[in-house]
Amino acid sequence: MKAISNKSKIVFLSTFPPTQCGIATYTQDTIKGITDVFGKSISCEICELVDKPNAKSTQAFTLNTKNREEYAKVAEEINNDESVKLVHIQHEFGLFGGNYGDHLLDFLNVIKKPVTFTFHTVLPNPNNELKTFVKLLLSYSNSVFVMTKRSEEILINDYNIQEQTITTISHGTHVVVYEAPETAKVKFGMEDRKVLSTFGLLGEGKNIETGLRALRKIVENTPNALYLIIGRTHPNLIIDGVDTYREKLEGIVNELDLHDNVRFINQYLETEELLDYLKATDIYLFTSKDPNQAVSGTFSYAMSCACPIVASKIPHTKEVLTEDSGILVDIGDEEQFAAAAIKLLSDENLREEMGKNAFRKTRASSWENIAIVHINTYKKLIEDSTEIKFSYPSIELAHVKKMTTELGIIQFSNISIPDLESGYTLDDNARALVAFCMHYKLTEDKDDLPYILIYLDFIERCQKPKGNFMNYVDKNNREHIEQNAEVNLEDSNARGIWALGTVVSIGKILPEAIAKKASKCLLNALKWAETIQSPRSIGFATKGLYLYHSAVPNLYVAAIINKLNAKLLSNYEIHATKDWRWFEDYLTYGNGILPESMLCAYLVTNKPIYKKVALESLEFLISKTYNGDNFKVISNNGWYHKDSEPQEYGEQPIDVSYMIQTLNSFYNAFKTPEYKRQMKIAFNWFLGKNHLNQIMYNPVSGGGYDGLEKENVNLNQGAESTVCFLTARLIMENLKSTESKVIPLMKTKTGIAINS
């Protein structure tokens, strides 16, 4: 018996693979994006558009566009499925039968579900008949997606379509792990070549011949140039087995004697292999000759793989390609194509910067981000959209492992390439140790143990004879005296104690030597810990001491916890007022650790004052960071000062992660359902519920993006942001796995343990 799903369904009217066409691929990628981000509550189904009866179709619905009777019939079939909440029509005039594809009206006259369109072509200067037909189509939905601002302008100015009807999105792109071409070429044995490429279903419109004629001049300047022509000829152009267009291109190669400089890859490549070829590309040649081509997926994919681009001027390229990411040339002008390519081939630094700029520009258009825009529009059309929820990405450790050497985790990353020159910090290795302990506790994956030991050894390496720690070590494992002197070391030292306490708290499932080493380091640090003064340092140290005490009850440790939090309580009593229940006159970073410290102190001492302040301060922090179902990070642009308006933008993952960690501790202590709900709201910030509606992580590698600015995401994936995202994700995974059962809290002699 087929399982009944309670998910809401979206039906896409579109061609679909194995049909080989741009719209089929576009729909497949759109659906994958929606499924990856919202598959928990949304199911996407296909009404496949075919041009002849297709009994072998495996899709939910099939529409033979040549048979006019089927349009109304298929609409009725969709109407009969109560779980279908919306129909999304991928529109191209040639896909449907009749004049301008007007047989589609038979479908629209019957369908009772909300409808939206994606217009893949928007023709400028329409005649009256075309203009009337387009307006009639949109009268059935009052919603349409287009992929360029130019298309939006044409709809508004030439078709008199209301602006609020239009959702403008970029063509979607695949998230890849940034890789320099020289590295990516190794896979294909092309290390000694300068690689140019073009891809897509080949046809006259691609105008590859211009690229070949330009190549003749490029080779004179760069003899080792290799032009990859990737993709099969469009199946509609192969007649009786004769591939006329490819034969034409091969004739040009013969004519110009370019056999050693051209490689035809006559295949319909799987996405991953195609992206690998693009990452290995030094220059992408976009040679299309259609001046009215609204959008190009091939161009978008090349940009997303960090290809510097030489492109002919079509609406899409003119809108997107700025001089810092490529060069625009006139359609069909082989001289301009050659000159632009030679300029780029002669300047490696220019190519690298252009490639990185292209990569950065297309992160906003990842299929995951495009899915978020789709769903936000769908919610306006669907009667009850409250059940549409984010799905959680898989837990990926690839980037954090890539950032880790035998010494420790490297501090910074240039996009996704570790920056060894930035060295190593106690801060980052402590955070990484906490995260890997959490992962090991969740999975008991033995592959975690070498990393746990690396981070623990780094902390031990940083500990000084008096028990305190240095923070910074350079790439050669040398202490940088000036940098360690300049930085406020209390926070980093206290984080070290937090990490050591975390190790001890799971000591029963770790190899004994690891737990003993952590315990020894922490006990050596106790004398120093007593002297901590700054509020956040007190919080980090308290958390570590509490975790240690939960596993190994120790009166001296309990006394230090009480001593430290008496200082924190004094801060609260000095600064707190009726409208500002906080420990300082400002909210800065890592704010959640302060209420959490009070909670730990209460759980150890049972003093009601600690509980009172813990709950009051957390409630205050929530009031300043939550607005309904939205979480707003305290901006690092001047922070948030008492009796002033909060700053905006400059949001960092560390603060989201700390809030989730704090709420998790309070939920474990009190089982208040609202804390769990607020954890989910905060985690949604990573998933795209933020002012840019963009994901804050790389779903391929697990790298965490460094910050959310006013107009862009900082795509560097340093240790701090990556580990903070991983930590938050692990907490949510643990929450998910325990939602169906109540987990008893660990009892100690003096209180209740908080999960690390």
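**Cavities and rings**

Tutor: Let's begin with the largest cavity, whose lining is made up of Thr588, Gly590, Asn591, Gly592, Leu621, Thr625, Phe631, Val633, Ile634, Asp655, Tyr658 and Met659. Helix 25 and helix 26 (653-670) are the elements that each give two or more residues to this lining. Keep in mind that this is a predicted model.

Student: Which helix gives the most to the lining of the largest cavity?

Tutor: Helix 26 does, with 3 residues. By type, the lining residues divide into 6 nonpolar, 5 polar and 1 charged.

Student: What volume does the largest cavity have?

Tutor: About 90 Å³. The count of cavities of 30 Å³ or more comes to 4.

Student: Now the rings. How many aromatic pairs are there?

Tutor: Rings pair if their centres lie within 6.5 Å, and the count here is 31 aromatic pairs. Take Trp580 and Phe620: their centres are 4.9 Å apart, with 65° between the planes. Planes over 60 degrees apart count as edge-to-face, so this pair is edge-to-face.

Student: Where in the chain do Trp580 and Phe620 sit?

Tutor: Trp580 is in the loop between helix 23 (555-575) and strand 19 (586-587), while Phe620 is in helix 25 (residues 608-625), 40 residues apart.

Student: Is Trp580 buried or exposed?

Tutor: Buried means under 20% relative accessible area, so Trp580, at 4%, is buried. Phe620 is buried as well, at 6%.

Student: What else can a ring do?

Tutor: Rings can form a cluster, as ring pairs do in linking Tyr392, Phe683, Trp685, Phe686, Tyr697 and Phe725. A charge can also sit over a ring: Arg363 lies over the face of Phe359, 4.3 Å from the ring centre.

Technical notes. Residues are numbered from 1 along each chain as its sequence is written. This is a predicted model: local features need pLDDT of at least 70, side-chain atom pairs count only at pLDDT 80 or more; totals for chains, interfaces and linings use all residues. Side-chain values use heavy atoms; hydrogens and water are left out. Rings of Phe, Tyr and Trp (its six-membered ring) pair if their centres lie within 6.5 Å; planes under 30 degrees apart count as stacked, over 60 as edge-to-face and the rest as tilted. Helices (H or I, at least four residues) and strands (E, at least two) are DSSP runs, numbered from the N terminus. Buried means under 20% relative accessible area, exposed over 50%, partly exposed in between (1.4 Å probe, protein chains only). A charge sits over a ring if NZ of Lys or CZ of Arg is within 6 Å of the ring centre and within 35 degrees of the ring normal. On a 1 Å grid over the protein atoms alone, a cavity is a set of points where a 1.4 Å probe fits but cannot get out, and a pocket is an open set with protein on both sides within 12 Å along at least five of seven lines; lining residues have an atom within 4 Å of a point. Grid points are joined across faces, edges and corners, and a volume is the space filled by probe spheres set on the points. Ala, Val, Leu, Ile, Met, Phe, Trp, Tyr, Cys and Pro count as nonpolar, Asp, Glu, Lys and Arg as charged, and the others, Gly among them, as polar.
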